[in-house]
Amino acid sequence: MFRAILAASAVLISGAGEVLAQPSPFEARYDPAIPDARATFGYAFGEEITPPEDAIDYLYTLEAAAPDRVEVVEYARSWEGRPLAYAVIASPEVMARLDDIRSGLASLADPRGLDAASRQALIADLPAVVWLSYGVHGNEISSTDAGLRTAYHLLAAQDDPTVETIFANTIVVVDPTQNPDGRNRFLQSFRAARGLEFSGDRYTAEHDEPWPGGRYNHYLFDLNRDWFARTQPETRGRTDAILEWRPVVVVDAHEMSGDSTYFFAPSAEPFNPEIVQSQRDAQGLIGRNHGTWFDRLGYAYFTREVYDAFYPGYGDMWPTLQGAVAMTYEQASARGLAWRRRDGSTLTYADGVNHHFVASLSTAQVVAENRERFLNDFVNFRASASTSADDPQAMLLSLSGNRWGAERMARNLAAQGIEVGRVEPGTSACGTRLDDGGFLVRFDQPAGRLARTLLEATTDLPADFMVEQERRRADGLGHELYDVTAWSLPLMNNVDSATCRRSPTLATEAVDPEMPIERVTTQHSAEWGYVIAWTDAGQARFVAALAHAGVAMRTTDLAFRIGDRNFPRGSVVVPRHGAPDDLDALMNRLAAESGARFEGMATSWVDEGPNPGSSNFLALRAPRVAMLWDAGTDPTSAGATRYVLERRHDIPVSVIRTRSVGRAQLDNYDVLIVPEQGYGGLSGTLGSSGARAISEFVREGGVLVGLGDATRWLASADVGLIPAQRERAADTPRDGAAASGQVVDGSVLANEAELRVLEATAGSMPESSPGALVNVVANPNAWMASGYDGGAAALVTGSDIYAPVAMDDATTALRFDERDALLAGGYLWEEYADQLALKPFVLSTSQGAGQVVAITQSPTTRAYLEGLDLLLLNAILLGPAHSRALR
């Protein structure tokens, strides 16, 4: 079907990177039948910032004007109800057979059933799909209008050889606004501050967004970190769409500092080891074409710096690990309509729109001119996912322990196109026995490279890159790790796993990602009531639902046994006496919604441990939860924490602005959450009145929960709610160096290591961890550690390490593991790991009638540490039971 590109009409010889006789895209003649921005909005592309709803409406306008070449598909709705849609743009001949094309692309994506002739026939017949996505960060504004301009240009440009080539060989998908809620928030701020003339002064209100800014979606997620976690509707819709269309190239267009220029591929080091050479070569091919266009038009750019290709949750990396050539493009941002740079020049919004437009068109051009190459590379990637026999070939995931986490993780993997098979209870393989059953994920499948990097404990960083990072650190330079170094889903979900050196031959049943988690009940008599084992977050979610329904329950810090059934500490009993008349039906309905397990109790008699009538059983009720919000808090921490509680566990969270805490009626709540600190910190925003109000809340019986670096505020001298002390770096001198001009004793240095100690900043903090997964160990006597007798993994970022706390001052509920067992996945600086070992992870203490809990590394980061959900729920559900508030 696809004709060869004749030399006479070629725009560019991609390998040579030389422009022949191509007119500038800004010189195109346009078909007046296709409405442009001025006809639609009343302004030209780049003159104004288009609202998200208008951007989507414009796609439908284009569809109405050229229905034979455009199809608009709504793929999701944001939390605030805004549509997310993409436009499929192709020739009329291609549009007429889209269903067949999608079917053919699906066959290429799973080439196991194709012989060589069938494969080549499909490649000869199918267009290559180019996916252009814009505006994932709502305040990175220019890319959306660039996407609209790209769509318009493809449909309206006349006698343009580049456009003709693109239509001859590709389908272009334009997704103009990936984060409409964030874009709307930015525009509200910008419009409210705009005056008679717009200002280029970076310090004016037009450029100074109020908290939380437009970067994030409704739940304040950085959507560019959510691709494998798939927590947000925007991400779920987009990943589903990409799996449907199987693009060979994906562009994720961003903005960066207004004082910069433009970044495009090749990416910076490090590259994820699952990226293949053909993908790196293709980045270079596309980058050289961009460079030719940018040079011709006088646009400055840079490549191979800052923006790496390692973390699989990026909008470029997840598609890459599905076989595409995916790239981040970064344009200097005007953060409005104009930005005065430090060199005195002015960057306009139109500049950003133009640069992204040219890069978008250039991308489609290269793919069109190399259609067979890109399709062949895509198929080869999908066909060669299995690695050498020296590497692990599969992984088993156990349902024992954290059943909820394993079930959810299996569905999440399956939703990403990864084949997951359910394994029967009692199966033995790979050196382990799955008493309760589990899941098998083989790596010799088309999505095997994505599966491997998501499941293995550590994705190796290139050795030469890390040698260079250690050299930079030794020379006092910052490291070049852009994001976390660990993301293993079994570790983050607290699911036991076993690596298989060879793929076992096991009978499995394919996991359906849409199948609800099945509730589990037993046949034991429930004449007295029920018992719910406190083993995972699904169980706690079930308890929260019962509490919300008004069911009276009791929980204990001690394990107990009924016959041959053992129940761990934290377990909850549900007496029938005093319960609603429909208790049985209610239990079954709510358990079905949560996929929970519960068992009957014929009597309150227990064979070992406390009886439900003991003072060791405490009343549990639905908690009223509030959280600090706004200035002084970190938006992503506040948003992720609210999301975890509200959307994953159906626990409402009332948010109180930090400036209002001093006059708020905190006694309306049982639990107050303090998320991680943001710009300016909590001290300045809460002030003395806010601190006093929070202290009084605790003394009167409230539960205060601090996350991550909020521990600093809780432990500060002015607040003093938790006896925690941050440690300085162990390898730096504590006493400051003598002031300039003073006479000091001389010294003889034996080696360079001694010199480094003297050169280190006196009393400096540990060097910040870029993000690694480390093992934590539970205190068997601490209520906050309920459900974690087997330990867990926590994500460690930043420089905060807390000193051990005396037992009579506070309880260390969980601590970091011993040095030899500390690192679970990723990369930690050696001296950081040495100092972190055995230090507190979770502290709790009584203050007056209330409880204070400090979780020194946040369990809600990006909402992808699902294995720590139960830790947060311990504080939310069990905390009020341990307070001594008068009810």
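**Helix packing and a loop residue**

Modeller: Helix α18 (residues 537–548) packs with helix α19 (residues 583–594) at an angle of about 140 degrees, the axes being 9 Å apart. This is a predicted model in which local features need pLDDT of at least 70, side-chain atom pairs count only at pLDDT 80 or more, and totals for chains, interfaces and linings use all residues. Residues are numbered from 1 along each chain as its sequence is written, and side-chain values use heavy atoms, leaving out hydrogens and water.

Colleague: Is α18 oblique or roughly parallel to α19?

Modeller: Angles under 35 degrees count as roughly parallel, over 145 as roughly antiparallel, 65 to 115 as roughly perpendicular and the rest as oblique. The angle is about 140 degrees. Therefore α18 is, relative to α19, oblique.

Colleague: Which residues of α4 make the contact with α5?

Modeller: The axes of α4 (residues 98–109) and α5 (residues 116–125) come within 10 Å and cross at roughly 135 degrees. Contact means heavy atoms within 4.5 Å. On α5 the contact uses Arg119, Leu122 and Ile123, and on α4 Gly104, Ser107 and Leu108.

Colleague: Is Asn402 buried or exposed?

Modeller: Asn402 sits in the loop between β16 (394–398) and α14 (403–415). Buried means under 20% relative accessible area, exposed over 50%, and partly exposed in between (1.4 Å probe, protein chains only). The relative accessible area of Asn402 is 10%, so Asn402 is buried.

Colleague: Which residue has its backbone oxygen 2.6 Å from a polar atom of the Asn402 side chain?

Modeller: Not counting residues up to four places away in sequence, Asn402 touches Asn493, Asn494, Val495, Asp536 and Gly867. The backbone oxygen at 2.6 Å belongs to Asn493.

Note on methods. Axes fitted to C-alpha atoms, helices over the stretch in contact; angles between N-to-C directions. Helix = DSSP H or I, 4+ residues; strand = E, 2+ residues; numbered from the N terminus. Polar contact = N/O pair within 3.5 Å; in protein donor to acceptor, adjacent residues only side chain to side chain.
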